[in-house]
Amino acid sequence: MRHRNNRRKRDGFAFPAPFTSLVAVAASLGLAYIWLSCRCEALGRDIKALEAEGETLQRRLLNEQCRWTRLKSPENMERALAALKIVMVWPRREQVVYLHEEPAPAPESGAPGRDALTYVRRGRIGLDD
Amino acid sequence: MTDFGVRCRFAAGILMLALALAGLGVRLGFLHLGAHAEVRAGLAGPRSMRQKIDAPRGTIYDCRGRRNILALDLAAKDVCADPRFLARSNITQEVSAALASELGLRAEAVREALGNPERRFAYVRRYVPEDQLVALRARNLPGVFFEDSTVRFYPHLGFMCHVLGFVNYERTGSAGVEQVMDRYLRGSPGILESQVDAFRHELYTRRSRDIPALRGADVFLTVDQNVQYIVERELDAAVAEHRARGAWAIMQRVRTGEILAMAARPAYDLNEFRTAEDVCRLNRAIGHVYEPGSTMKLVTFAAALNEGTVSPETIFDCENGAWSHAGHVLHDFHAYGRLSVADGLQKSSNILAAKLALTLGDRRLHAYLDAFNVGRPLGIDLPGEEGGLLLPAARWSNVSASRIAIGQGVAVTALQMMGILGAIANNGFLMRPHVVARVEQEEGLPLLRREPQAIGRPIRPETAALMRRLLTRVTEEGGTGRRARVEGYAVAGKTGTAQKAAGGRYIDKYVASFVGFLPANDPEIALIVVVDEPEPEHTGGVVAAPVFARIAARAVRCLDMPSPAADKTVCYAEPRR
């Protein structure tokens with residue numbers, strides 16, 4: 001009995017290799033878990049911040065849309081023209097040139113090509129009258 | 001100490017430690033596995049959050065799509081304060097005065113709101129648009145803070161107020177399109193369930209349920225913002241010019257029943273609907289019934305011509321302006337001798353119209369009134385539509401037919417009168433009016449699309465065509481509606497001057513109206529203008545017809561309506577490069 005103890009003291013204590021591997025794997029998994037957890041927390045914070053920023057931008061967009069709508073309302077346009085002393089009249093129908101966008105013909109139809117913009121105008125245009 | 005003693009003490013220590021750990025383990029097991037739901041709930045409660053996410057309400061646009069916004073949800077702030085802090089700092093007076101001046105409130109009202117020093121929270125003003133708070137934020141008042149909120153905002157204030165309606169504090173549509181389309185506009189709220197940290201900040205990784213709010217659908221109206229503006233401006237001018245009690249007008253596309261404009265005066269600011277009087281909130285165009293006067297002759301003449309009891313050339317004796325029938329005397333505004341049916345309509349002879357009604361008889365006249373939907377709502381997609389008043393033929397007296405023929409003893413809304421004229425303009429088809437064109441989700445998914453719907457066809461197309469020709473003469477020389485003419489377009493229409501009744505008799509107050517359509521030979525739009533109690537002039541031809549003309553002259557440009565006088569369209573196609 002004494003002989004066996006003496007041999008142990010002489011060789012020193014050593015973890016068995018499988019146990020060491022197990023501890024190393026467990027430690028690695030633990031560290032990976034902690035890293036992933038921290039990463040998730042960080043991403044969560046980022047997402048929250050972006051959500052808040054998105055809401056802020058949405059609010060700003062609504063406010064700008066509202067302001068733009070008010071700016072181009074007929075009443076405001078009329079007021080602005082009056083303030084700038086600009087007198088405008090509606091053009092007569094024959095003074096208006098209309099640009100209509102037409103779909104291009106299908107390639108297999110063999111029809112002669114036409115410009116996408118077809119100019120449609122009324123007879124006797126008097127743009128400068 | 002002996003080796004045995006050491007071992008005993010070591011074993012005892014191990015045993016105690018094991019017991020302690022076992023005790024803790026058992027307690028832990030009880031807490032986690034035992035029936036301690038209230039304990040667990042007590043622990044989980046403060047750490048969990050459940051938040052209802054309000055759905056943004058849909059936007060309302062005019063007929064030109066997403067360019068012209070009429071109503072939208074706007075980011076706003078609630079201005080709040082801490083009365084206790086203000087009281088302890090002894091600055092309640094100064095802060096109240098500053099808040100009152102910046103927010104346009106009465107200083108006493110603000111002081112009253114902040115007067116309770118026991119409270120930690122008080123609203124100073126709710127739903128303030130953010131751009132109105134720039135100056136207040138810059139002052140950085142102590143004890144004053146802002147909370148996010150959303151407010152239903154109408155960028156054009158009182159513009160189109162009777163059509164749009166408003167949303168109350170519970171965010172429920174309470175008038176107009178907001179009420180009728182509430183189920184589409186409202187959207188669906190979302191839910192957020194998660195856990196929070198000690199500072200009540202949400203832990204994103206513990207979010208257990210996240211159902212986003214479904215934004216309300218967008219509503220597109222048939223109303224044209226530019227035409228509506230023209231109508232409202234002219235109504236304002238008419239009310240001011242004629243010192244009228246009120247005025248209202250409707251413009252409709254005759255072939256589809258689409259309402260292009262609808263306005264009434266007095267009006268109110270939609271953003272301040274709480275302070276508006278009931279009389280201002282009433283949409284008189286659909287909710288106010290009045291005796292129409294001579295415009296009702298449209299039904300009388302159309303019925304007689306449709307039944308073939310007369311032709312346009314049939315001559316009637318107009319009794320030189322006074323005709324006694326069934327013991328009651330009926331007068332014309334101007335005295336006439338013998339007039340043809342065509343001339344009687346042009347000059348709006350009461351006596352001729354009454355005699356026409358007698359050729360029809362009570363039952364047939366009532367049947368035509370019923371066919372033109374008099375006495376029943378037309379079913380417009382707006383709340384508060386009245387159906388008018390029409391007694392059953394069995395309850396008519398000896399003179400009822402002769403009086404109803406000229407628009408007395410019967411009451412209609414402006415929308416109904418517009419419907420009658422619209423049927424004449426639309427080859428006899430009476431169309432159901434509507435203000436909502438379609439409903440779409442934000443990404444363009446259509447939820448509702450309103451198609452033109454015919455309610456009935458009270459007269460034949462030939463009769464309608466004949467009536468169009470006769471009504472065109474009303475705006476020609478010698479007609480009562482000369483002032484309704486529009487350059488470049490033939491206008492057909494009818495004037496109306498109705499005496500108002502009060503206390504069982506007619507009084508010296510009038511309702512002046514003009515209802516017409518153009519172009520007369522190929523009608524596109526119909527328009528009715530009604531002016532309530534104009535002074536000193538009170539006839540439809542003098543008061544309402546010029547308003548009609550001014551509105552129509554600009555509307556035809558806005559709507560790009562072809563003038564029969566203009567040249568044909570010529571197309572030039574360029575070859576593809």
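**Entry 1: chain A**

I read chain A along its sequence and noted the pattern α-α-α-β-β, which comes to 3 helices and 2 strands. For these elements I took DSSP runs numbered from the N terminus, with helices as H or I of at least four residues and strands as E of at least two.

The model is predicted: local features need a pLDDT of at least 70 and side-chain atom pairs count only at pLDDT 80 or more, whereas totals for chains, interfaces and linings use all residues. Residues are numbered from 1 along each chain as its sequence is written, chains are lettered from A and ligands numbered from 1 in the order in which they are written, and side-chain values use heavy atoms, with hydrogens and water left out.

I looked up the pLDDT, the predictor's confidence in each residue from 0 to 100. Chain A averages 75, and 64% of the residues score at least 70.

Buried means under 20% relative accessible area, exposed over 50%, and partly exposed in between (1.4 Å probe, protein chains only). Of the contacts in chain A with a separation of 6 or more, 39% are between residues 24 or more positions apart.

**Entry 2: a sheet in chain B**

I traced an open sheet of 5 strands in chain B, in the order β11-β10-β22-β21-β20, with antiparallel pairing. Strands pair here if DSSP finds at least two bridges between them. β11 (259-265) and β20 of chain B stand at the edges with a single partner strand each, so one side of each is left without a neighbour in the sheet. Direction ignored, neighbouring strands are turned by 10° against each other on average.

Within this sheet I looked at β21 (residues 505-518) and β22 (residues 525-532) of chain B, which run antiparallel and are joined by 8 bridges. B:V515 has B:I528 in β22(B) as its bridge partner.

Two helices were checked against the sheet. Helix α10 (residues 225-242) of chain B lies across β10 (246-253) and β11, at about 25° to β11(B). Helix α20 (residues 540-558) of chain B lies across β10, β20, β21 and β22, at about 25° to β21(B). The axes are lines fitted to C-alpha atoms, for helices over the stretch in contact, and angles run from 0 to 180 degrees between N-to-C directions.

**Entry 3: B:K500**

I found B:K500 in strand β20 (residues 492-502) of chain B. B:K500 counts as buried because its relative accessibility is 17%. Its side chain makes a polar contact of 2.9 Å with that of B:D532. Such a contact is a pair of N or O atoms within 3.5 Å; within protein, one must be able to donate a hydrogen and the other to accept it, and residues adjacent in sequence count only if both atoms are side-chain atoms. Leaving aside neighbours within four places in sequence, the contacts of B:K500 include B:R245, B:Y506 and B:E533.

I placed B:G419 in helix α18 (residues 414-425) of chain B; B:G419 is buried, with a relative accessible area of 7%. The C-alpha atoms of B:G419 and B:I528 are separated by 10.0 Å, although the residues are 109 apart along the chain.

In helix α13 (residues 297-307) of chain B, 10 of the 11 residues are buried, so this helix is largely enclosed by the rest of the structure. B:F301 and B:N306 are among the buried residues. After α13(B) comes B:G308, with a positive phi near 75°.

Definitions and conventions
Contact = heavy atoms within 4.5 Å.
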